Every structure is written in C-alpha cells, then in structure tokens.
Amino acid sequence: MSGHTETTQSGVRITYIAGGKLYVLQPDGSKREVTSPFAQDLLDRAESRQQRNEWKSGSFGWNATHAPPELVSLGMMNQLQANQRAVNMITAVSLDADRMLYALQTDTIGGLFEYTISSDEERRLAHRTDFRIGELDAHPADERLIASLAYPDGTANLATMRPGGGRLAEVTEGDSVDQAPSWVGDADNAIVYQSAGVGRDHHGFIYGLSTFRIERLDFDRNEHEVLVESDTHDLLLPRIDQEGTLYYIRRPYQTMHPPRGPWELIKDILLFPVRLLVAVFWFLNMFSLFFSKKPLTAAGGPKVEKQNTRQLILYGRVIEAQKENNRKNKNAPAVVPETWELVRRTKQGDEKVLATNVGHYDLAPDGAVVYTNGVKVWHITRDGGKTELIKDSLIERVAVVA
C-alpha cells in the first residue's frame with residue numbers, strides 16, 4: 001500500500017474515488033493514488049488470463065473498446081470485455097487520522113480491507129466470492145462497521161461487523177434495497193439509511209423499485225421509523241450531524257419502465273431498418289476481419305463514430321459523462337444533473353438546498369460539507385463559504401477523514 005492522507009488548503013482532509021481508484025489530496029491540492037497489494041495481485045492475475053486468451057481477440061483484429069454498441073448489445077463481446085475489466089474500488093471511509101477502510105470488487109470476488117497509514121500495512125477484514133459492499137460507515141466511538149451488502153437477486157441488506165473484522169451480521173431483511181447506512185451523530189446505537197421496495201413480475205424478476213426513502217433504526221430500543229419519504233423523488237445518502245440535522249440527496253424518481261408515447265413507437269418503427277442494417281454490417285465486418293484482415297469500412301461501408309463517453313453509475317442510475325475534451329476543460333460542466341440536490345433538513349422539518357449537481361457527499365466533524373458533482377470536489381463551510389478542492393474525471397465518491 002502506498003499513499004497517505006494530508007490536509008488540504010481548506011483545512012479538511014479528504015479521500016475520493018475516481019474511475020474505481022482511491023486517491024488522497026496533498027497539501028498543495030494535488031492527488032495521490034492509494035494502491036492495494038491485494039488489488040494489484042488481482043490485476044496481475046487478470047492480465048495473465050488476458051494474455052493467455054489473446055488469440056480469442058487477436059484473431060479478429062479488434063478490441064472491445066472499439067466494438068459498436070450493436071454487437072455489445074447482442075452479447076457477442078461479453079468474454080472479451082470480461083477479460084479487460086479492472087478492479088473496482090467501490091467504497092472508502094476513514095476510521096481516524098491513521099486508518100482507512102475500503103472495499104474492493106471484481107466480477108467474481110470482493111473484500112473489505114483496513115489500511116494503517118503510519119505502518120503502511122493492509123489487513124483483510126472479509127473476503128469471499130460474490131461479496132458486494134456498497135456504502136459503509138464506522139462508528140465514531142467503538143469502530144463497529146455498518147455496511148450494505150448486495151445480492152444476486154437484486155436486493156441489498158444492511159449488516160454490522162465487530163471492530164477488527166469477523167462475521168457480518170445482517171440487521172435488515174426483506175425484498176428491498178437498503179443502502180448508504182450511517183451512524184446517527186446524536187445517538188450511540190442508531191443508524192439512518194435509504195431503502196426502496198422491490199417490485200417483481202410473475203416470473204420473480206425485478207420489474208422496478210419504489211422511491212428511495214430515509215429510515216432510522218435504533219438498535220437499543222428496537223425501533224424503526226421512516227424519517228422522510230416522497231412519491232416523486234428518491235432521497236439518498238442520509239447523514240445526521242451532532243445537532244440532529246438531517247442531510248440527504250434528492251433526485252427526481254424514474255421508473256425502470258417509463259411509459260412510452262406514440263412518438264417513441266413511431267421512431268422505433270422508422271429506425272428499425274437502420275438499426276438492423278448497422279447490426280448486419282458489423283456482423284459481416286467481423287468475418288471480413290477474420291478471413292481477409294481488412295475491414296469493410298475501407299470499401300465504403302457505414303462509418304461509426306468512436307464513442308468517447310464513459311459512464312458514472314450512482315445508485316442504480318447510469319449517467320453519461322461528457323466527452324474527454326470537455327472534461328479536460330477548466331470550465332467543464334458537472335456530470336451529475338442539476339436536479340440532484342443536497343438538502344439540509346432541521347428537526348423542525350425546515351429544508352434548505354445547499355447545492356445542486358450533487359452525486360456524493362460527506363460531512364466534516366466541524367459541520368462543513370464536502371461534495372462532488374462528478375468532475376469536481378467542493379467544500380462548503382458551516383457559514384456557507386464554498387471552495388473548489390480538486391478536479392478529476394468521473395469522481396464517484398468522497399469521504400472526509402475524521
């Protein structure tokens with residue numbers, strides 16, 4: 001493991017995840033990547049497997065990253081894409097100034113790790129196949145962990161872990177998606193989290209999710225309550241500070257199967273021959289590359305512009321990032337839509353929007369907020385002052401070092 005946490009010019013120390021990699025900020029505002037020996041070992045194994053299977057892709061003379069969407073959608077590049085996937089570091093949170101927690105995930109295996117900064121040591125807390133951890137949080141007093149575990153059937157439950165590792169004990173259940181748990185600031189043994197019900201068809205497949213609402217679970221009193229819910233918005237990533245103020249992200253709700261109007265049907269009918277022609281062309285182009293090593297495009301076939309966008313996936317919503325040249329621009333726009341709002345709600349129910357275009361955020365011990373819009377990380381002080389900390393591409397999550 002290499003890297004260490006430092007204090008930024010704003011006085012707040014943060015870590016963040018961009019492109020599946022974990023970074024910390026240096027005092028001068030530059031970034032430093034934190035690398036994991038376990039992750040590097042997985043990458044080396046994946047690279048070795050890819051080299052052994054190069055004949056599968058080399059025979060066709062192409063790369064999955066240049067394959068047209070039509071072929072990918074037909075599932076013809078699944079194996080090649082699988083060989084090229086990297087480790088995805090999905091979660092990071094700091095226990096204190098000298099320790100850090102993070103979760104690693106690949107297509108088949110996942111793990112939860114603790115990193116001690118001063119000794120530069122990585123310790124494995126949990127590790128097994130199909131181990132999918134979303135958000136996690138450490139108790140500020142006794143360092144117990146609360147995490148969200150995702151399952152192949154589309155559900156997710158919350159589970160706790162004793163300090164230092166051990167078995168994860170589930171504390172929620174049911175046909176629901178429970179995510180983003182956080183220990184309540186003014187309680188010793190309570191959490192808040194987001195939850196959505198799962199709707200299934202008669203075959204048992206997921207048809208859709210309800211809106212995400214914010215719930216509170218008190219372990220001592222064995223009490224459960226819904227704090228905030230909406231019929232028109234998802235309420236995400238709840239946090240409660242020491243004063244009992246609730247923070248969360250509010251975004252418009254979208255169903256998995258939105259109603260289609262007559263214009264969409266007409267457009268699909270009109271575009272069907274074009275889409276079929278493009279799919280057939282790329283299918284024939286594959287055989288041309290195989291037998292003659294020459295693409296059909298040189299003979300005047302249809303040109304397909306190389307896709308230069310990447311995706312940011314936040315709580316089940318796929319967001320298409322801007323093109324690379326726009327992201328490198330100093331004034332690059334936010335990746336996250338403006339309708340994603342960071343809301344502060346008092347105990348009396350008064351709400352205030354602190355920022356828009358918010359994809360992820362965290363609270364600092366002094367009541368400040370650090371958030372990202374997908375390309376930048378911002379720091380908002382308690383009195384409303386706003387400072388840009390860093391700019392990067394596809395920033396997924398941010399965490400304040402306690």
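The protein exposes about 21000 Å², of which carbon and sulfur atoms supply 51%. Accessible areas follow the Shrake-Rupley method with a 1.4 Å probe, and for residues only the protein chains shown count as cover. The model is predicted: local features need pLDDT of at least 70, side-chain atom pairs count only at pLDDT 80 or more, and totals for chains, interfaces and linings use all residues. Residues are numbered from 1 along each chain as its sequence is written, and side-chain values use heavy atoms, without hydrogens and water.

The protein has 6 helices and 27 strands. These are DSSP runs numbered from the N terminus (helices H or I, at least four residues; strands E, at least two). Of the 402 residues, 45% are buried. Buried means under 20% relative accessible area, exposed over 50%, and partly exposed in between (1.4 Å probe, protein chains only).

A nonpolar surface patch comprises Phe-272, Leu-276, Val-280, Phe-283, Leu-284 and Phe-287. Together they have about 560 Å² of accessible area. Patch residues have over 30% relative accessible area and no salt bridge; like charges are joined within 9 Å, nonpolar side chains (Val, Leu, Ile, Met, Phe, Trp, Tyr) within 5 Å. A salt bridge places a side-chain nitrogen of Lys or Arg within 4 Å of a carboxyl oxygen of Asp or Glu. Phe-272 lies in helix 5 (residues 262–292). Phe-272 is exposed, at 53% relative accessible area.

Leu-237, in strand 17 (residues 233–240), has a positive phi of about 50°. Leu-237 is buried, at 0% relative accessible area. Leu-394 has a positive phi of about 55°. Leu-394 lies in the loop between strand 26 (386–391) and strand 27 (395–400), and is buried at 4%. Most residues other than glycine have a negative phi.
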